[in-house]
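Thanks for coming, everyone. I'll keep this brief. Please have a look at the chain on the screen.

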Amino acid sequence: MVCQGAHVNSVHTKRKPPSKTLFYRLGDWVARNRWPVLIGYLGLLVVVGVLGVRVFGVMQTEGFEDAGSESSRASVILQEEFATTDPLVILAIETATSPEADAAAAEALIAAAASVDGVDEVISYWSTRADSLLGTDGKTAQALFYAEDGAAKDVVSSAVVEAIEENAGDLNYYVFGQEVAGEAFTEQISRDIYVAEGIAIPITAVLLIFVFGSLVAAGLPFLVAGGTILGSFLALYLIGLVTDVSIFSLNLVTGLGLALGIDYSLLVINRFREELKKRKTTREAVAITVATAGKTVFVSGLAIVIALSSLLVFPQYFLKSFAYAGIAVGFLAILGALTAIPVMMEIREKAIYTSKM
């Protein structure tokens, strides 16, 4: 028994006191420089908010295929050896009875769209009478628009679709194509993000007010979540300038960013309140909070970063994009939880103390 107790005591004596740990010193520094840290974080939040929204303009909608796969190599051979190419825009026109019945209106619509700058060639049922361009219902026929070499496909595609919309008249039509689908994906995901945040944030805010019993404390998790999401948007925007990034990674950013921002903030705020109950100064409470809860946040966030980094080994940039998003979200959530939350809690407690004097 004596030996066992001696062994336990020897283990305890080897532990560093809290004041000697790196996280304690970080918390103490944050507390001592609370206003510069807060102003810096809020200023950074404004900057990333302004620049981060540009991410939607550089996102891609493909990335599902392996460039080294047999199918991809076959596609390259077809393009190089046989000069095959995919149409930029596919227009399907649905007529009342048969394509011949509305031939004049259909040809006028196709001619208007074909006049767009950047369109190189148009192949339609009305110009070829090819059965391959005729629908099985006998009433729908297609027109294929091809872009000039070197043309900005996204710009030309948008202009063709706009010309079709303006000149369609009473014709029923459907448009498709790689660029058309990509633009539709971008618009849909943008709307989905706004809808998801519009539903999740109010419900979460009510729950946090119930948990914390304070509007200020309940709003702090959104400070971290907002900084994490907008900062990750900026990171993906910068990455998108040098390599392909899938637009679907934005869904991971919003979901994971909101979750980690709230989760880490809850942990830090609760720990800070526990330390204040021990009648410590706000500065010491912040330092111990960062040394304990902050260390937990760091390890948790680092685990998420490492786990999602494994997606970098896959050749498809669709999967790599989730790694980019996960890495950015993990590090930014850690940054906000270790700086913004402790600082705001200390400033709040000092303001309450001052008002009581």
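Predicted model: local features only at pLDDT ≥ 70, side-chain atom pairs only at ≥ 80, totals over all residues.

Start with the packing. The largest nonpolar core holds 60 residues. Which of them touch the most other members? They are V55, M59, L236, L250, V253 and I341. Seven helices are listed as giving two or more residues each: α2, α3, α8, α9, α10, α11 and α12.

Now zoom in on L236. Leave out residues up to four places away in sequence. Then L236 touches V55, M59, V245, S249, L250, V253, Y324 and A325.

Next, the surface. V195, I199, I203 and L207 make up a nonpolar patch there. Together they have about 390 Å² of accessible area. L207 sits in helix α8. Is L207 buried or exposed? Its relative accessible area is 52%, so L207 counts as exposed, the cut-off being over 50%.

On to helix α10. It has 29 residues. From first C-alpha to last, α10 reaches 42 Å, close to the 42 Å expected at 1.5 Å a residue. Just after α10 comes R279, with a positive phi of about 65°.

Now charges. Side chains of opposite charge can pair when their charged atoms come close. How many salt bridges are there? The count is 6.

First on my list, D28 and R32. Their closest N and O atoms are 3.0 Å apart. D28 is buried, at 16% relative accessible area. R32 is partly exposed, at 44%.

Next, R34 and E346, with 4.0 Å from N to O. This pair links distant parts of the chain. R34 is partly exposed, at 22% relative accessibility. E346 is buried, at 1%.

Then E275 and K278, which meet at 3.7 Å, N to O. E275 is buried, with a relative accessible area of 2%. K278 is exposed, at 52%. There is also a network: salt bridges with shared partners join D28, R32 and R283.

That's my tour. Over to you for questions.

Methods
Residues numbered from 1 in each chain as written. Heavy atoms only, no water. Core = buried A, V, L, I, M, F, W, Y, C linked by side-chain atoms within 4.5 Å. Buried < 20%, exposed > 50% of the residue type's maximum accessible area, 1.4 Å probe, protein only. Helix = DSSP H or I, 4+ residues; strand = E, 2+ residues; numbered from the N terminus. Contact = heavy atoms within 4.5 Å. Patch = residues over 30% accessible without salt bridge, like charges linked within 9 Å, V, L, I, M, F, W, Y side chains within 5 Å. Areas by Shrake-Rupley, 256 points an atom, 1.4 Å probe, with all protein chains shown as cover. Salt bridge = Lys/Arg side-chain N within 4 Å of Asp/Glu carboxyl O. Expected span 1.5 Å × (residues − 1).
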